[in-house]
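Subject: Structure handover

Hello,

Here is the structure we spoke about. My notes follow below it.

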Amino acid sequence: MAGLATTFGSGAMTNSINEIEAAEVILVSGSNTTEAHPQVARRIYAAKDRGAKLIVIDPRRTAIARLADLHLALKPGSDIPLINGLMKVILDENLADDLFIELRTENFFALRDYLYRLDLAEVYRQTGVAPEELRRAALLYGRAGKAVICYCLGVTQHVCGTANVEVLANLAMLTGNVEKEDAGVDPLRGQNNVQGACDMGALPGMLPGYQPVTDPEARQRFAAAWGVEPPAWPGRTLLAMTHGREPDSGDGPVSKSDSPAAKPGGAGGADQPGQPDPASGIRALLIMGENPLLSDPDLNGVAENFRRLDFLAVSDIFLTETAAQADVVFPAACFAEKDGCFTNTERRVQLISRAVAPPGQAKSDLEIIAALSQQLGYPMDYQSAAEVMEEIALLTPIYGGIYHDRLAGGWGLQWPCWDRQHPGTPYLHKYYFTRGRGRFAVAEHQPPAESTDADYPLLLNTGRVYHHYHTGSMTRHSAILNRECRHPLLQINPADARARQIAGGEAVRLISRRGEVEFKAELSQQVPPGMVYGNFHFAEAPINQLTTTASDRRARCPEYKICAVRLEKAGGDEGRRP
Amino acid sequence: MSDQYLLSRDHLAPLLRRLAKEYRLVAPVRNDHGDTMFQEIANPVATVPDLESQPQNSLKDFLFPQQEHLYDYRLDDAGGYHFQPPATTTPPTLFFGVRPCDLNAVLYLDVVFLPGRRELSYRRRRENSLLIGLNCNQPFADCFCAAVNAGPFLEEGSDLQLTDLGRDFLVEVGRAGGAEIIRRWPHFFRSAPAEERNRRFQLYLEARGGFSRQVHADQAIKRLAADTLPSGVWEELATRCQDCNGCAYLCPTCTCFTIVDQPQDQHHGRRLRLWDACTATGFTAMAGGHNPVQPGKDKLRQRFRHKLELDVKKHGRPSCMGCGRCVGACFGGADILHFINLAGR
């Protein structure tokens with residue numbers, strides 16, 4: 001998201017999902033679209049049926065990669081050189097959109113000069129993608145009239161995640177594939193309302209609608225509405241909260257001036273009166289609908305930090321691993337039991353209505369927050385979710401025309417929607433980028449935080465499977481979904497398995513510098529030799545005990561996709577079960 | 001169908017109101033979100049059935065519900081199970097506005113669940129139901145019932161069968177339940193003159209010409225029977241299927257189920273029957289992990305062979321009714337229409 005914000009000025013899908021169907025070329029990077037975003041995948045299938053070409057960039061041979069006209073199986077963590085290589089070929093072949101670059105972008109010469117110097121042989125060494133394949137992909141994408149890029153966590157969950165996104169944005173701008181319908185750059189969001197959460201300021205440095213907390217005018221508007229001035233400095237990032245400290249970046253120790261907690265724009269940083277010391281520990285946490293004791297990297301670090309807390313409160317629909325550790329649990333209503341809105345990946349705000357009453361003492365999130373606020377001495381007297389929406393429209397320009405009565409009886413509205421007459425915005429950046437001109441950001445290869453060595457010779461990639469959702473707090477309660485996928489499987493290339501005399505279905509132990517976890521082996525050609533792949537849905541095999549907290553310096557997204565591991569048969573001589 | 005009457009369009013709502021006093025009334029209703037669903041109408045004055053759109057669900061939801069509470073169980077200390085069937089009531093139900101495809105689907109469910117089996121809850125519901133059908137003057141976008149001989153007009157199987165003639169509905173009396181309605185409330189009906197019967201035939205011919213899709217189901221059925229499908233059909237479908245099972249759940253004739261226990265506490269629980277689908281990989285997986293169906297290769301083979309080959313052999317007709325619901329719902333283009341097209345390639 002930060003990557004699109006720096007280049008385009010707006011961190012969201014530039015297209016609507018439907019537009020993907022009409023694209024001529026679709027480039028999918030780091031997305032297991034078929035399993036993780038079937039509603040997007042169906043548009044890709046439809047586009048293929050209409051003759052569109054599909055390029056997939058992924059180290060794994062996923063279902064969507066098998067469907068692709070061209071599958072670029074890059075080495076994990078080499079996205080930047082790969083995309084730079086594509087851009088160099090496009091430039092060399094004179095396929096760049098000069099008019100678009102001239103009229104709508106800035107900083108092109110820096111990129112051009114960098115690409116002229118780029119050595120394609122070096123790109124081959126870094127990525128493992130053969131030059132002729134790279135060239136085919138570049139020509140396909142570069143010659144398309146309308147090309148869409150879809151990317152997902154395979155791009156962002158790296159120490160260079162923000163830069164990975166920036167180079168994809170460069171590629172789209174270089175070929176003029178942004179301002180128009182059926183062409184753009186589309187981050188696929190993993191949850192029904194994660195876009196909405198970001199829109200509403202669930203980001204360390206943002207008030208709702210991406211208004212920075214460092215902007216005194218924005219703060220003033222919210223202060224007038226709330227009767228309380230919001231803090232002028234950014235809050236902590238997720239990892240800083242769950243691990244009790246700022247995590248390491250892949251590029252070595254973070255200097256204090258680089259960390260976002262100490263970089264609140266021009267407003268003076270730690271000198272602000274009342275700003276807590278970023279190094280001080282957090283003493284109490286309220287967690288809503290999140291299960292960090294299964295989903296965060298380096299779980300042992302999270303558990304240790306949670307034990308140090310004075311107080312932990314968790315609000316969730318089931319008693320998750322995290323909720324089980326809480327001092328207080330608020331039973332929450334699920335999606336069918338409450339009123340409100342979800343904002344999906346295509347910026348579409350959709351109304352949900354309560355269909356059934358919540359069981360037992362469960363309450364909607366709104367009721368929980370309002371009751372808590374009341375107890376803390378700040379009464380919130382919202383009569384309904386619709387009234388909250390009115391306040392959102394008042395304070396958040398991009399939601400300015402979105403009210404419950406306009407959402408009812410339709411498919412919702414896509415922001416930006418400036419006023420009640422505005423029909424919503426199917427695709428972004430028409431006529432001008434949100435930030436004015438699109439900015440080319442030059443990025444160079446940044447190796448992953450952990451590389452393999454003699455002790456840890458394999459790379460672990462983590463992700464999702466079709467039948468479960470995230471930490472399984474919902475899906476593992478379903479008998480049929482559990483039947484479809486009941487064991488924590490680890491995909492291993494048959495060659496790697498043979499070398500360790502591991503048979504399919506056998507119990508294996510995976511060990512990283514931070515922990516060890518047991519899985520059932522699944523021999524699969526989906527993963528290349530040297531790489532194993534597992535998912536984080538299973539509490540009995542918490543794969544995030546293995547992953548690293550090394551994270552992107554700007555977005556603070558951890559490198560879930562790469563860590564170095566060793567693979568052993570479980571239950572051997574040194575078998576020690578926890 | 002022999003006896004034919006006219007029911008004025010103006011008298012439809014009063015008739016439904018009358019019938020709703022005796023029966024639980026289920027009909028297509030357009031809800032606030034613009035979706036038309038078969039649902040119970042508590043107040044037929046306030047809620048008007050939507051006869052313009054195809055309901056997203058079928059009568060399967062009512063006769064063979066997604067979740068059926070089979071037993072309450074108690075687990076004794078020795079690990080033995082003691083079962084107690086739950087108390088149930090089955091209100092007499094009148095299904096109104098049922099399209100020929102869905103009505104034929106109910107007749108198929110009868111073939112599956114009624115003969116010789118101790119499927120009591122289905123039998124109870126079925127014996128307590130009346131079906132008032134409505135012929136389709138204009139097929140919906142994804143429909144292909146004519147290609148599988150399940151529509152657009154119904155010749156037999158309903159209690160009363162309606163045809164929209166404009167100002168009136170032509171009412172044909174089918175089974176005994178329909179004759180009973182005519183006998184008890186004769187003042188709603190007047191006998192139909194011959195020219196109105198002829199208009200029915202005219203409308204039927206027009207409806208047959210109104211399909212937007214050309215579907216050669218016969219050819220797919222023949223090729224399946226002769227085992228002469230073009231090569232690669234199953235593989236292509238398997239690549240496209242995204243495992244959602246939506247086709248099977250929406251299908252008015254899919255009857256696969258699974259049985260699960262839902263513990264309430266250590267000693268008590270409920271045994272449930274849930275819809276299942278042969279498209280799910282786990283449906284055929286065995287305890288040791290072996291699966292006779294290779295998901296990557298032929299996971300849709302069972303579904304289409306059952307509908308278009310085995311049921312043709314067994315019952316003389318395919319168990320696809322051409323309602324087109326799976327066509328609209330399928331994520332990846334692995335629906336039965338796609339199969340029929342591939343099979344005819």
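Which residue takes a positive phi in the hairpin of strand 12 of chain A and strand 13 of chain A? A:R347 does, with phi near 65 degrees, and the hairpin has four residues between its strands.

Before the rest, the ground rules. This is a predicted model: local features need pLDDT of at least 70, side-chain atom pairs count only at pLDDT 80 or more, and totals for chains, interfaces and linings use all residues. Residues are numbered from 1 along each chain as its sequence is written, while chains are lettered from A and ligands numbered from 1 in the order in which they are written.

Strands in chain A

Helices (H or I, at least four residues) and strands (E, at least two) are DSSP runs, numbered from the N terminus. Strands pair if DSSP finds at least two bridges between them. Strand 12 (residues 340–343) and strand 13 (residues 348–352) of chain A pair antiparallel, over four bridges. Within that pairing, A:C341 has A:L351 as its bridge partner. Strand 13 of chain A also runs antiparallel to strand 14 (residues 413–414) of chain A, joined by two bridges. There, A:V349 is partnered by A:L413.

Backbone points to check by eye

Most residues other than glycine have a negative phi, and most peptide bonds are trans. These are the exceptions to look at:

- A:N107 has a positive phi, near 70 degrees. A:N107 sits in the loop between strand 4 (105–106) and helix 7 (108–117) of chain A.
- A:W415 and A:P416 are joined by a cis peptide bond, omega about 0 degrees. A:P416 lies in the loop between strand 14 and strand 15 (438–439) of chain A.
- B:G151 and B:P152 are also joined by a cis peptide bond, omega about 5 degrees. B:P152 lies in the loop between strand 7 (129–134) and strand 8 (160–164) of chain B.

Domains of chain B

Bounds come from an automatic or database domain assignment. Chain B has domain 1 (4–208) and domain 2 (217–343). Their centres, taken over C-alpha atoms, are 25 Å apart. Domain 1 of chain B gives 32 residues to the contact and domain 2 of chain B gives 25. Contact here requires C-beta atoms, placed from the backbone, within 7 Å. On the domain 1 side, strand 4 (67–75) and helix 3 (100–113) of chain B each supply at least two residues. Strand 4 of chain B has the largest share, nine residues. By class, the domain 1 side holds 19 nonpolar, seven polar and six charged residues. Ala, Val, Leu, Ile, Met, Phe, Trp, Tyr, Cys and Pro count as nonpolar, Asp, Glu, Lys and Arg as charged, and the others, Gly among them, as polar.

A helix pair in chain B

Helix 7 (residues 217–226) and helix 11 (residues 301–315) of chain B pack at about 70 degrees, with axes 9 Å apart. Axes are lines fitted to C-alpha atoms over the stretch in contact, and angles run from 0 to 180 degrees between N-to-C directions. The two helices are therefore roughly perpendicular (65 to 115 degrees). B:A220, B:I221, B:L224 and B:A225 in helix 7 meet B:R305, B:L308, B:E309 and B:V312 in helix 11. That contact has six nonpolar, no polar and two charged residues.

Between the chains

Chain B puts 18 residues in contact with 15 of chain A. Helix 8 (233–240) and strand 11 (257–263) of chain B each give two or more residues to the chain B side. That side has five nonpolar, nine polar and four charged residues.

Best wishes

Definitions and conventions
Contact = placed C-beta atoms within 7 Å. Parallel < 35°, antiparallel > 145°, perpendicular 65-115°, else oblique.
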